[in-house]
Amino acid sequence: MIDLFSKFDPLIEQRETLLETGLTDPFNLVMEKVESPTVAICNGNRTILLGTYNYMGMTFDPDVVAAGKQALDEFGSGTTGSRVLNGTYAGHKACEQALKDFYAMDHAMVFSTGYQANLGVISTIAGKDDYIILDIDSHASIYDGCALGNAQIVPFRHNDVDALEKRLKRLPPEAGKLVVLEGVYSMLGDVAPLKEMVRVSKENGAMVLVDEAHSMGFIGEHGRGVAEAQGVIDDVDFIIGTFSKSVGTVGGFCVSNHPKFEILRLVCRPYVFTASLPPSVVATAATSIRKLMDSADKRAHLWENSKRLHAGLRQLGFTLGTDEPQSAIIAVIMPDLETGAAMWEALLHEGLYVNLARPPATPAGMTLLRCSLCALHSEDQVGEILGMFAAAGRATNCIS
Ligand SMILES: Cc1ncc(COP(=O)(O)O)c(C=O)c1O
């Protein structure tokens with residue numbers, strides 16, 4: 001018998017070598033208690049959370065929590081069925097209406113996760129003989145959507161408008177083309193030049209899908225994302241998003257003005273062949289989305305937090321993923337996995353949780369300490385965070 005697990009041996013060995021040094025496993029942390037969107041108890045210690053996607057701090061919003069409890073009481077714990085059979089409740093329609101209102105778009109389709117939204121929409125709309133042109137640093141769910149479908153895949157260099165244009169011009173003019181972009185790329189926290197990319201895509205006859213997972217709620221005047229901020233939202237054919245970040249629960253969606261959009265409900269396998277979200281989840285999502293429409297003050301405070309942390313980390317001597325703060329994500333670049341893991345652990349001892357990110361999730365083989373800010377981090381907390389980075393950085397010789 002050939003052991004099918006032998007392909008994982010190099011990863012098992014790397015992990016064992018790292019843990020033999022006595023390091024806490026960075027990928028097995030337990031949140032013993034979560035006190036608020038910014039504080040949890042980990043290993044018995046009060047820990048500031050700087051590695052969640054809770055950008056707008058909605059997880060403990062009293063209206064959101066109350067809506068979830070009410071739906072749980074009135075509709076039960078789950079739907080036990082697909083959206084196309086018994087799994088569409090009034091709450092799912094209300095959630096889709098909230099999305100249509102939020103984006104001012106004609107159609108909205110809620111999936112069970114953002115991963116499934118990308119998987120479903122990309123694999124369904126780009127078929128055999130079509131082309132998907134995508135940024136090479138695209139999220140795994142975008143690549144998996146490509147793998148599930150039958151289209152030809154054409155990657156281009158990250159955020160490079162000329163590279164995108166060259167690829168598009170080489171493709172047969174009569175072929176169907178879908179350009180897939182993200183508003184904010186979650187590893188380095190950098191923003192896509194959507195204005196130019198959408199223009200180039202349209203000039204070359206392509207439809208455009210933008211995944212705004214890391215920008216919804218925060219970026220753009222109404223929090224609709226980078227496409228809104230750069231004035232091209234009306235030219236984008238499909239926006240993909242998730243409830244697992246700014247919305248503060250779980251679920252995914254696609255919004256669009258395409259007149260034939262609704263047919264996707266019958267042909268999109270990751271929508272049809274899975275159970276729909278529980279009533280409590282869609283109720284919390286709908287309430288949160290409606291509150292996000294009216295959150296300009298929180299957006300402004302989150303930008304302040306992002307600028308303060310970026311400037312402070314830079315002043316301490318850390319190398320960051322972007323020259324300027326572009327989103328709520330600030331990536332601290334580590335020289336290697338061992339140093340990154342040591343720094344991650346030192347921060348945890350100080351009382352700070354960040355994400356340790358490593359290949360294959362990261363671009364160019366980088367090890368990153370990814371910091372993601374929340375609109376509910378106070379000015380004092382950002383000060384505390386910088387103090388912890390200073391102490392951990394010196395203890396691990398990352399800074400002098
Ligand atoms: C860009 C992007 N798209 C999609 C997803 C998937 O979202 P979900 O957590 O809802 O599956 C993520 C999650 O990390 C993401 O970063």
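By class, two nonpolar, nine polar and three charged residues make up the shell around the ligand. The model is a predicted one. Of the 14 residues in the shell, those that come nearest to the ligand are G114, D211, H214, T242 and K245. Helix α4, which spans residues 114-125, contributes three residues, the largest share of this shell.

| Residue | Protein atom | Ligand atom | Distance |
|---|---|---|---|
| Y115 | backbone N or O | oxygen | 2.9 Å |
| H139 | side-chain N or O | oxygen | 3.4 Å |
| K245 | side-chain N or O | oxygen | 2.9 Å |

On its own, the ligand has 390 Å² of accessible area, and the protein covers 85% of that area.

**Charge pairing**

Side chains of opposite charge can pair when their charged atoms come close. With a cut-off of 4 Å between a side-chain nitrogen of Lys or Arg and a carboxyl oxygen of Asp or Glu, the count comes to 14 salt bridges. One of them joins K291 and D61, whose closest N and O atoms are 3.0 Å apart. K291 belongs to helix α11 (residues 279-292), whereas D61 lies in the loop between β3 (45-49) and α2 (62-75); the pair therefore ties together parts that are 230 residues apart in sequence.

**Backbone geometry**

T80, a residue other than glycine, has a positive phi near 50°. T80 is located in the loop between α2 and α3 (90-103). The peptide bond from P359 to P360 is cis, and its omega is near 10°. P360 is situated in the loop that lies between β15 (355-357) and β16 (367-372).

Definitions and conventions: Residues are numbered from 1 along each chain as its sequence is written. This is a predicted model: local features need pLDDT of at least 70, side-chain atom pairs count only at pLDDT 80 or more; totals for chains, interfaces and linings use all residues. Side-chain values use heavy atoms; hydrogens and water are left out. A residue is near a molecule or strand if one of its heavy atoms lies within 4 Å of it. A polar contact is a pair of N or O atoms within 3.5 Å; within protein, one must be able to donate a hydrogen and the other to accept it, and residues adjacent in sequence count only if both atoms are side-chain atoms. Accessible areas come from the Shrake-Rupley method with a 1.4 Å probe; for residues, only the protein chains shown count as cover. Helices (H or I, at least four residues) and strands (E, at least two) are DSSP runs, numbered from the N terminus. Ala, Val, Leu, Ile, Met, Phe, Trp, Tyr, Cys and Pro count as nonpolar, Asp, Glu, Lys and Arg as charged, and the others, Gly among them, as polar.
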